[in-house]
Amino acid sequence: MSPAAGKSPAPEGRYTLGKHERIRRRSEFSALFKSGKRIYSEYLTVILCKNTSGVRRLGLVVGKRVGKTAVRRNRMKRLLREFFRLNKHRLPASQDILIVARKDFSFMKCQDLCRELEKVLAGRMKA
RNA sequence: GGAGCAGGCGGGAUGAUCGCGGGCCCCUUACCGGGCCGGAGGAAAGUCCGAGCUCCACAGGGCAGGAUGGUCGCUAACGGCGACCGGGGGUGAAGGUAAGAGCUCACCAGUUCCCCGGGUGACCGGGGAAGCUCGGCAAACCCCAUCCGGAGCAAGACCACAUAGGGGAGCGUUCGAGGGCUGCCCGCCCGAGCUCCCGGGUAGGUUGCUAGAGACGGCGGGCAACCGCCGUCCCAGAGUAAUGAUCAUCGCCCCCCGGAGGGUGACCGAGGGGGGGAACAAAACUCGGCUUACAGCCUGCUCCGACA
RNA sequence: GGUCCCAUCGUCUAGCGGUUAGGACGCUGGCCUCUCACGCCGGAAACCAGGGUUCGAUUCCCUGUGGGACCA
């Protein structure tokens with residue numbers, strides 16, 4: 001798992017997640033779906049694309065098909081956000097990453113999800 | 001101890017670290033940064049009713065349509081709630097008790113009408129007459145009574161940006177096109193270029209946006225729903241959508257190990273150790289209800305069992 | 001967030017309180033043919049779930065579930 005939160009200072013800045021680091025516009029989502037590079041796994045689809053802002057940005061899609069209740073969808077989004085917050089410094093700079101949920105994983109613990117994403121993004125992350 | 005009913009509480013508490021959305025303050029051209037304050041529910045849900053609020057110029061009449069259906073009250077209002085009563089009329093095939101059947105008579109039940117008494121009222125109690133059969137269903141239809149203008153915060157207001165008005169159709173300028181007032185008719189209003197259809201563009205920001213039929217406490221009135229007075233408090237406001245993650249300690253529940261001890265016995269079991277779990281579900285303009293989902297805990301009442 | 005629809009054989013559908021729940025395509029058994037197709041005869045197969053009203057519900061009323069459409 002990633003360096004335990006709070007134990008050691010992050011290599012670049014701190015483990016924060018501000019609004020400017022989020023993909024929020026419909027048009028931006030459409031652009032990513034159109035031209036991003038996709039990686040698939042059992043639970044997730046990850047779409048990657050370089051951007052010009054110089055910032056690593058995160059977008060999340062958790063549809064109603066995946067989780068029937070709002071509580072489950074929120075749970076999944078929080079897990080994904082937590083992973084990004086703690087591991088974004090290991091991703092290449094100036095890149096948008098869009099994570100789409102494919103199956104319900106709201107039962108997972110944070111560590112389980114992190115392991116899943118490590119597998120998906122193997123080779124694209126620094127140690 | 002178990003079951004049922006009614007009511008209440010309800011992601012346990014404290015601390016540490018990292019993080020998120022909002023408000024105020026400081027710093028700063030601004031970004032960034034720092035400090036303080038507070039940040040999901042009883043159902044926030046389903047969207048089944050009722051309102052507030054906003055727009056439709058005013059929000060008229062009749063018909064149609066929809067909703068409700070015992071009475072009295074509560075309420076801003078309701079299809080809700082409380083108490084009381086024992087539930088409007090009509091439209092399709094059958095009163096009962098004594099014999100196998102029919103008829104007659106009697107009795108009972110029901111129906112209609114009249115009289116007396118009680119109640120604000122639904123209705124109840126008592127007496128009498130007629131008559132020979134009338135049943136139920138307010139969730140099918142008709143009648144009767146009452147209520148209802150239409151949309152909905154993606155309402156609506158403002159500021160940007162963009163296309164520059166492309167194609168087709170209709171009709172008309174004091175004899176009025178077209179539109180609005182849910183549908184139709186009447187009536188009213190706006191009214192000179194308007195409207196409709198197809199196609200195209202933008203789908204950004206600010207506001208509405210949270211102090212309210214508000215919460216809590218006390219006193220008083222009422223069988224109750226609820227109301228009145230006084231005092232205190234300010235309690236989410238997002239917009240790909242904020243409450244999370246990790247760790248520690250202490251509680252709660254379940255399972256396993258273990259077995260002090262109790263009992264004739266089946267068995268029940270304290271301290272201790274290990275592992276697991278804690279429902280249903282999350283604001284999106286705001287309230288009052290209804291309905292549905294839900295582990296555990298607490299309180300009251302009723303019933304069953306205290307034994308195999 | 002709001003407004004509003006739909007659910008019937010495997011699929012598309014008819015059905016407005018009493019039906020043997022009808023039809024088309026598909027499936028299937030047989031006939032026809034040397035065989036296949038076409039055609040003909042026959043068969044299986046459904047009312048989303050749970051309550052309620054009714055003498056009787058696919059139909060009426062509630063609740064739930066699953067789909068779908070629209071809005072600035």
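In which loop does Ser 94 lie? Keep that in mind while you look over the whole chain; the tour ends at this residue.

Start with chain A in cartoon view. The model is predicted. Chain A has three helices and four strands. Followed from the N terminus, its elements run α-β-β-β-α-β-α. Of its 127 residues, 17% count as buried. Among the contacts between residues at least 6 apart in sequence, 80% join residues at least 24 apart.

Next, select Met 76, Leu 79, Leu 80, Phe 83, Leu 98, Ile 99 and Ala 101. These belong to the largest nonpolar core, a set of 15 residues, and they touch the most other members. Helix H2 and strand S4 each supply at least two residues of this core. The largest share, five residues, comes from H2.

Leaving aside residues up to four places away in sequence, Leu 79 touches Met 108, Cys 110 and Leu 113.

Last, select Ser 94. This residue sits in the loop between helix H2, residues 70-87, and strand S4, residues 95-101. Is Ser 94 buried, exposed or partly exposed? Ser 94 counts as partly exposed because 13 C-beta neighbours lie inside 10 Å. Then check the backbone here. Most residues other than glycine have a negative phi. Ser 94 is not a glycine, yet its phi is positive, at about 55°.

Key:
Residues are numbered from 1 along each chain as its sequence is written. Chains are lettered from A and ligands numbered from 1 in the order in which they are written. This is a predicted model: local features need pLDDT of at least 70, side-chain atom pairs count only at pLDDT 80 or more; totals for chains, interfaces and linings use all residues. A residue is buried if 20 or more other C-beta atoms lie within 10 Å of its own, exposed if 12 or fewer, and partly exposed in between; C-beta atoms are placed from the backbone. A nonpolar core is a set of buried Ala, Val, Leu, Ile, Met, Phe, Trp, Tyr and Cys residues joined through C-beta atoms within 7 Å. Two residues are in contact if their C-beta atoms, placed from the backbone, lie within 7 Å.
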